[in-house]
Amino acid sequence: MKIAYFDCASGISGDMTLGALVDAGADLETIQAGIDSLGLPSCRLVREEVKKHGFRATQIRVEHEPEHAHRHLHHITDMIRASRLSERQQALAERIFTRLGEAEAKVHGTTIQKVHFHEVGAVDSIADICGAAIAWDLLGAERLVCSPVVTGHGYVEIAHGRCAIPAPATAELLRGIPLVGGEVDAELTTPTGAAIVAALADGFGPPPAMSIETIGCGAGQRDLAEQANLLRVFLGEATGDAVHTSEPLWMVETNIDDASGETIAYAAEQLMAAGALDVTTVAIQMKKNRPGVLIQVLCQPAFVERAEAILFAETTTLGVRRWPVQRRSLRREPHTVETALGGIAGKLAWLDETTCRFSPEYEACRQIAQQQNRPLQEVMQLAVAAFAARPPSVSARS
């Protein structure tokens with residue numbers, strides 16, 4: 001499994017994240033092409049190699065024409081959906097902006113539809129977030145672990161005045177995430193950086209068991225007297241158990257007997273879009289012989305409160321249950337098979353060191369079925385047959 005680790009010893013911001021991912025190997029020209037498709041005014045990403053306290057790093061600056069626009073969330077999501085970003089890149093960018101919108105709405109006592117983005121709605125923040133989403137997708141990591149987040153301390157000036165660090169929206173975004181104040185009298189973690197961590201991280205703590213292949217260093221704009229203002233990204237392969245991975249998760253669930261199927265389907269969509277790992281609905285029999293639905297949400301510890309908030313807001317439930325679970329899963333990796341209809345992407349799942357199975361991706365098969373005017377089942381069977389005819393060798397895997 002390809003995994004990544006964020007070392008946030010000097011906090012995290014949008015430009016630090018983008019710089020670190022580009023430094024780790026994400027292609028800047030591809031990222032720029034995605035940014036161009038957003039329709040931002042003359043927005044250009046400029047890469048520069050800098051040194052912070054003697055350490056080399058990549059710094060990304062966003063150059064653009066002056067503007068005075070203040071955007072709402074729907075302005076930004078419309079921009080993302082009309083772009084040429086891939087479906088996964090769009091989903092990642094929207095998830096980050098949605099987390100930002102939820103945090104801003106809560107601290108200002110308004111709704112996510114009405115909240116006004118100030119700094120995070122500017123061109124440079126949109127470019128940082130969408131660029132980070134594109135870069136993360138290009139690097140292909142399947143799991144992200146993050147160190148405790150260093151926030152800094154003191155005060156910061158924002159659009160609403162002088163605020164203690166972490167700023168209100170940043171603090172809201174970092175709910176459930178381990179924090180460290182640090183010794184630096186400055187804002188080290190910005191709302192943009194906090195939103196990226198909250199939306200992408202699968203776990204928090206020390207570096208996981210991994211074989212490091214690449215280290216990317218992204219520089220912040222500020223020069224700190226105490227330390228190098230860097231975000232480090234470690235990219236590599238998981239080690240330890242060669243086949244299985246184990247991680248602590250949470251299950252959140254509720255029983256409902258007075259909601260429509262459309263309501264439940266919409267709630268499940270919102271949960272997945274916000275960052276749930278899985279959402280399951282099960283038909284059940286409730287009191288007074290009423291048919292009902294059990295909704296189960298599998299999620300990371302930091303997502304539990306968000307899952308509960310969505311269930312309360314989008315369904316008729318009056319209460320939810322939660323408990324910790326341990327998920328053990330097979331190691332998996334992306335794999336493409338060649339067929340008469342072209343390459344078809346899918347996933348390999350390793351049962352042991354020498355045996356694996358292949359599952360074609362539905363979306364890849366659907367696109368080919370539509371382009372070639374073939375039945376979906378035929379395309380999926382072709383992919384499975386192509387894999388059976390030429391399975392990967394153990395040496396190729398290593």
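## Nonpolar cores

The largest nonpolar core has 60 residues, of which Phe6, Ile31, Ile35, Leu38, Leu45, Phe97 and Trp136 touch the most other members. A nonpolar core is a set of buried Ala, Val, Leu, Ile, Met, Phe, Trp, Tyr and Cys residues joined through side-chain atoms within 4.5 Å; buried means under 20% relative accessible area (1.4 Å probe, protein chains only). Helix H5 (residues 123-139) gives the most to this core, with 11 residues. A second, separate core of 16 residues includes Ile264, Ala274, Ile295 and Leu311.

## Basis of the model

The model is predicted: local features need pLDDT of at least 70, side-chain atom pairs count only at pLDDT 80 or more, and totals for chains, interfaces and linings use all residues. Residues are numbered from 1 along each chain as its sequence is written, and side-chain values use heavy atoms, with hydrogens and water left out.

## Aromatic pairs

The structure holds 3 aromatic pairs; rings of Phe, Tyr and Trp (its six-membered ring) pair if their centres lie within 6.5 Å, with planes under 30 degrees apart counted as stacked, over 60 as edge-to-face and the rest as tilted. Phe6 and Trp136 form an edge-to-face pair, at 6.3 Å centre to centre and 85° between the planes. Phe6 belongs to strand S1 (residues 2-7) and Trp136 to helix H5, 130 residues apart. Both Phe6 and Trp136 are buried.

Phe358 and Phe387 form a stacked pair, with 5.3 Å centre to centre and 20° between the planes. Phe358 lies in strand S20 (residues 356-360) and Phe387 in helix H11 (residues 376-389), so the pair ties together parts 29 residues apart in sequence. Helices (H or I, at least four residues) and strands (E, at least two) are DSSP runs, numbered from the N terminus.

Technical notes
Buried < 20%, exposed > 50% of the residue type's maximum accessible area, 1.4 Å probe, protein only.
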